[in-house]
Amino acid sequence: MRRRLRQAWGHLTSPRGFVQLAAGSTVAMFFVVTSGAFVRLTASGLGCDHWPRCGTAPFPTQGNEHAIIEFSNRMVALVGIALALTTWLASRKVPGLSTLARYSALGALLGALAQIPLGGVTIILDLHPLAVMSHFLLAMVVLGLSILVALEAWGGLAGRAPAFEPGWVRHVVTWAGLPLAAALVVTGAVATASGPHPGAEKGVDRLGVSIVDTVYVHVRVAAAFGIGFLLLGLFLWRSRTTLPGLLRVWGGLLVVLVGQMILGEVQYRNALPWGLVLVHVFLAATIWTLAVALTYLLWRPPVALAAATARVPMPAAPVGGTAVHE
C-alpha cells in the first residue's frame, strides 16, 4: 500500500501528473460554483439549518430533499478543498514549476478553506443576499486561481511560445478587460439578488434594489465588455498565423457570450425560471474561466497554441532544478 501511495505521489509531483491534477482541481472548483447555485435556486440553502451539522445529526434524514441537496453541496466543496490541498502540496515538489503556479495554488487553497466559515456565516444570517453573493464571488476567485495553476503547469510541461504582440494589447486586456469581466460577474450576481428568488417556495430577503436598475447596469457592463472583446478579436485575427490557438480560445468565449446574452434575455422575460438561471450561472462561470485563461495566454501561451512555423519555445528549467521565477 505504501509503495502504491509513493508511486501515486510521484506521478502527481511529476510535470505531466501535476497538469492532470491541476486540471482536475479546476473542474472540481467549477462544480463547487454550480452546485452552490443549485442549492440556492432550489431554496435548499437552509436545508441543513445547523452548521456544520445537518439539523440534530451529522447527516440529513431520509426524505428531506432540501437537506440532501445542501449536504451534497458540502460534500462537493470538501472534494474541492481536498484537491486544492493536494494541488498545493504537490506544487511544492514539482521540478521546475514556477513561483506563479505555486502561489496561485496556495491562494486557491486558502480561498477554498475560507468558504467553510463563510458558509457557516451565510447560514447564521439566514441566507442574507450579501452573504450569498460573497460566497459565490469567492468561489469564482478560487476558480480563477485554479485555472491559472493548470495553465501555468501546462506551459511549463510543453514549453511556451513568445508572448502576444503588440504588448500594449496585453496590458489593456489585463488592466481593463479582465476587471470588466469581473464587473460582469458581480453585476450579474447583484441583479440576481435584487429580483424575485427563482425556485423559492416563500418570500426571502432580497437586496432591496430594483431589478430594473440592476439589470440596466449589468447590461451596460456587458456591452462595454462585448465591444472590447470584439476589438481584441481583430488583433487576434491579425496574429492567427503565429498564435492560432489564442483565436480559437477567443472564438470559444464568443460562442459562450452569445449564448449567455440570449439566455439572459429569455430568463428575464419569463420571470426567472430557476432552471434557466442555473444554466445562466453555469455560463457565467464558463465566461469567467475563459476570460482569465485568455488574459493569461496573451502573456504566457503554451507552445501548443502557436503555429508550427512559429514555435520557438522559451527555455524550460532543467529537471530537478529550482522553481522558475518568471
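Contact here means heavy atoms within 4.5 Å. By that criterion, residues 24 or more positions apart account for 76% of the contacts in the chain with a separation of 6 or more. The structure is a predicted model, in which local features need pLDDT of at least 70 and side-chain atom pairs count only at pLDDT 80 or more, while totals for chains, interfaces and linings use all residues. Residues are numbered from 1 along each chain as its sequence is written, and side-chain values use heavy atoms, with hydrogens and water left out.

The pLDDT, the predictor's confidence in each residue on a scale from 0 to 100, averages 85 over the chain, and 86% of the residues score at least 70. Over residues 316-326 it stays under 50, and for this stretch the model has 19 contacts beyond four places in sequence. Where pLDDT is low, the predicted coordinates should not be read in detail.

The secondary structure consists of nine helices and zero strands; helices (H or I, at least four residues) and strands (E, at least two) are DSSP runs, numbered from the N terminus. Of the 326 residues, 45% count as buried, where buried means under 20% relative accessible area, exposed over 50%, and partly exposed in between (1.4 Å probe, protein chains only). The accessible surface comes to about 16,500 Å², and 70% of this belongs to carbon and sulfur atoms; such areas come from the Shrake-Rupley method with a 1.4 Å probe, and for residues only the protein chains shown count as cover.

The interior can be described through its nonpolar cores, each a set of buried Ala, Val, Leu, Ile, Met, Phe, Trp, Tyr and Cys residues joined through side-chain atoms within 4.5 Å. The largest has 54 residues, and Val-33, Leu-236 and Leu-246 are those with the most contacts inside it. At least two residues of this core come from each of H2 (15-41), H3 (65-91), H4 (99-124), H5 (129-158), H6 (167-194), H7 (211-238), H8 (244-269) and H9. H9 supplies the largest share, 12 residues. Apart from this core lies another, of 12 residues, including Phe-18, Ala-22, Val-94 and Leu-97. Leu-236, beyond its neighbours within four places in sequence, is in contact with Phe-164, Leu-246, Leu-247, Trp-250 and Leu-298.

Some single residues show how separate parts of the chain meet. Thr-286 lies in helix H9 (residues 274-299) and is buried, with a relative accessible area of 16%. Not counting residues up to four places away in sequence, Thr-286 touches Phe-30 and Val-256. Phe-38, in helix H2, is partly exposed at 30% relative accessibility. Leaving aside neighbours within four places in sequence, Phe-38 contacts Ile-69, Trp-274 and Leu-278. Phe-38 and Ile-69 are 31 residues apart in sequence, and their C-alpha atoms are 8.3 Å apart in space. In helix H6, Ala-183 is partly exposed, with a relative accessible area of 25%.

The loop between H5 and H6 holds Pro-166. A cis peptide bond joins this residue to Glu-165, with omega about 10°.

Side chains of opposite charge can pair when their charged atoms come close. A salt bridge is a side-chain nitrogen of Lys or Arg within 4 Å of a carboxyl oxygen of Asp or Glu, and the count comes to five. Glu-152, Arg-160 and Arg-300 are linked in a network of salt bridges. The N to O distance is 3.0 Å for Glu-152 and Arg-160, and 2.6 Å for Glu-152 and Arg-300. Glu-152 lies in helix H5 and Arg-300 in the segment after H9, so the pair ties together parts that are 148 residues apart in sequence. Glu-152 is buried at 1% relative accessible area, Arg-160 is buried at 7%, and Arg-300 is buried too.

Another salt bridge joins Arg-269 and Glu-265 (2.2 Å, N to O). These two residues are four apart in helix H8 and therefore separated by about one helical turn. Arg-269 is exposed, at 66% relative accessibility, whereas Glu-265 is partly exposed, with a relative accessible area of 38%.
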